[in-house]
Amino acid sequence: MNRCLKLFFVVLLIGSSTVSHASEDHLLMVRTQQTFEIAMEKIQRLIEEYGYSVAHIQRCDGGLNDFDYETDYYRVIFFGKYKEVKALSNDYPELIPFLPLKFLVFAENDETVIVSLDPDTLADYFDNPDIKHQLRRWHNDIDEMFSEMRI
Amino acid sequence: MKISLILSLMLLVSSFSVLSAPNGEKLYQQYCESCHQTQGEGGIGLPLSNIKMAHVSDQYLEKTIRLGRPGRIMPAYPGLSDAQVASIIGYIRSWSDQPVPTFSSETITGNAENGEKHYKKRCAKCHANDGSGEGEGTGVTKSRKRKFMIMPAAINNSGYLDSVTDEEIREIIIADRDDSKMPSMQGKLTDQEIDDVVAYVRSLKVAQPAFEDYLKEEPELSIIVESPNDFESTVEAARQALSASNFRLFPERYIEQGLVDEFTHNTRQVSLRFCNFSELYQMLKIEPRLGVLLPCRITIIEQPDKSVLIIAPNMKLLSSWFNNDELFKIAEQMEENISNAIEEATF
């Protein structure tokens, strides 16, 4: 019986891992039909709901008009959890360029696109299972936040 | 008993598969919509317009999904099942009631040398002499002013040339494409001349994007240099080195700033944030998602043993994650500028 159950779960595991590795993209992205202002408000609320804090929002439009951009709607949201950022920046200096986490939010006409580097991509550069697990958790949180942005 | 139990469980698993038969709309939302927009209007990616779809086969779409466009933003999705790919194609096709074209996979015989002359006269203005497009990114121009509203496809891309048949290329050359404003060559070139252009386009194939060779070197995630100086001196030297390298400096930030109160955050981890506007201008034109790497920064940290490190992102590696060869080429220059500034600061 135990063997049967093991076989059953192995089959399920293989099935689920095939789905989660379908894409070779290094970016996580979502497009929402919400306007930029509404999308900005919602993603910040989701960041807080998932236990992170918004560290600051970088306006990238200061000089963008001078660079032929016609929109003002281009922002980078920095966010994270203090304890995680503190611990990781001490133990893994090579992760510092990726801390805190970032979402790029930009408008395409009436729709809004949100982009993040996929934290899972960074896992290839570490052997420690704890850090791999941490990066997977971030991936999952971002993935779930983006799924909620679609609603 | 055991065998029947195993069979029952296997049946249960297969029934899950049936119950969770791929939903093309959901898969499209998951994998395609961010770039191609809700109904294929295009954005970061090219439009999947009804006009375009009327000139491409299902086999072309399937291979395009599987192979992507190496170095040209669109990722490959080799892990999707046949059923998933078919359901995505079915969903895209559902936007139009036009018949699905089919094309022969036979090789068209043409004189590539002769085709080159016609290509350079008729096609290179948009697709560039080497077939790489016009060097201003992909997709549809929205907020960025570029030379075209719809950026010409990179027809030298291996993903493209491995997806399309000769007859399909021929069809694209003679089709009247109102959506992309690509003019028909019907009547402007003879049948043989069109075949010659097809042969020449085939000869343009680029094996792989430039960043592939770089990735084989197994580059480090970040650039870390130990400073011979103390924290304050290193920060000041880095400021001066960045300014001398024509970077504009923005207000500095601590890594933990904003995540905790100002009395608690670590002030011995400071990020110097900077920008070179002409490089930024070039890069945003070709990659609107670049913002996930902005602003450029180097971080100086003091470790518990008082040693000081300067840490910068490896821009070449990071740019390769965008699958954008144009971006990678600019990042190579940017990387050199940042490395020079770090070297100067730690001299």
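How many helices and strands does chain B have? I looked them up in this predicted model: chain B has 16 helices and five strands. Next I checked its spread. The radius of gyration of chain B comes out at 26 Å, well over the 20 Å that the globule rule gives for 347 residues, so chain B is more spread out than a compact globule. Its C-alpha trace spans about 75 × 70 × 35 Å along the principal axes. I also noted that 45% of the 347 residues of chain B count as buried.

Over to chain A and its sheet. I found five strands in an open sheet, ordered S1-S5-S4-S3-S2, with antiparallel pairing. S1 (27–32) and S2 (53–59) of chain A are at the edges with a single partner strand each, so one side of each has no neighbour in the sheet. On average, neighbouring strands are turned by 20° against each other, direction ignored. For the partner of S1(A), I counted six bridges to S5 (residues 111–117) of chain A, and A:Met29 sits opposite A:Val115 in S5(A).

Then H5(A). I see this helix lying across S1, S4 (101–108) and S5 of chain A, at about 15° to S1(A). H5 (residues 129–150) also packs with H2 (residues 36–49) of chain A: their axes come within 10 Å and cross at roughly 145°. I logged the crossing of H2(A) and H5(A) as right-handed. On the H2(A) side I listed A:Ala39, A:Lys42, A:Ile43 and A:Leu46, which meet A:Met145, A:Glu148 and A:Met149 in H5(A). By class, this contact has five nonpolar, no polar and two charged residues.

Definitions and conventions. Residues are numbered from 1 along each chain as its sequence is written. Chains are lettered from A and ligands numbered from 1 in the order in which they are written. This is a predicted model: local features need pLDDT of at least 70, side-chain atom pairs count only at pLDDT 80 or more; totals for chains, interfaces and linings use all residues. Helices (H or I, at least four residues) and strands (E, at least two) are DSSP runs, numbered from the N terminus. The radius of gyration is taken over C-alpha atoms; the globule rule is 2.2 Å times the number of residues to the power 0.38. A residue is buried if 20 or more other C-beta atoms lie within 10 Å of its own, exposed if 12 or fewer, and partly exposed in between; C-beta atoms are placed from the backbone. Axes are lines fitted to C-alpha atoms, for helices over the stretch in contact, and angles run from 0 to 180 degrees between N-to-C directions. A crossing is left-handed if the near helix is turned anticlockwise from the far one by less than a right angle, and right-handed if clockwise. Two residues are in contact if their C-beta atoms, placed from the backbone, lie within 7 Å. Ala, Val, Leu, Ile, Met, Phe, Trp, Tyr, Cys and Pro count as nonpolar, Asp, Glu, Lys and Arg as charged, and the others, Gly among them, as polar. Two strands pair if DSSP finds at least two bridges between them.
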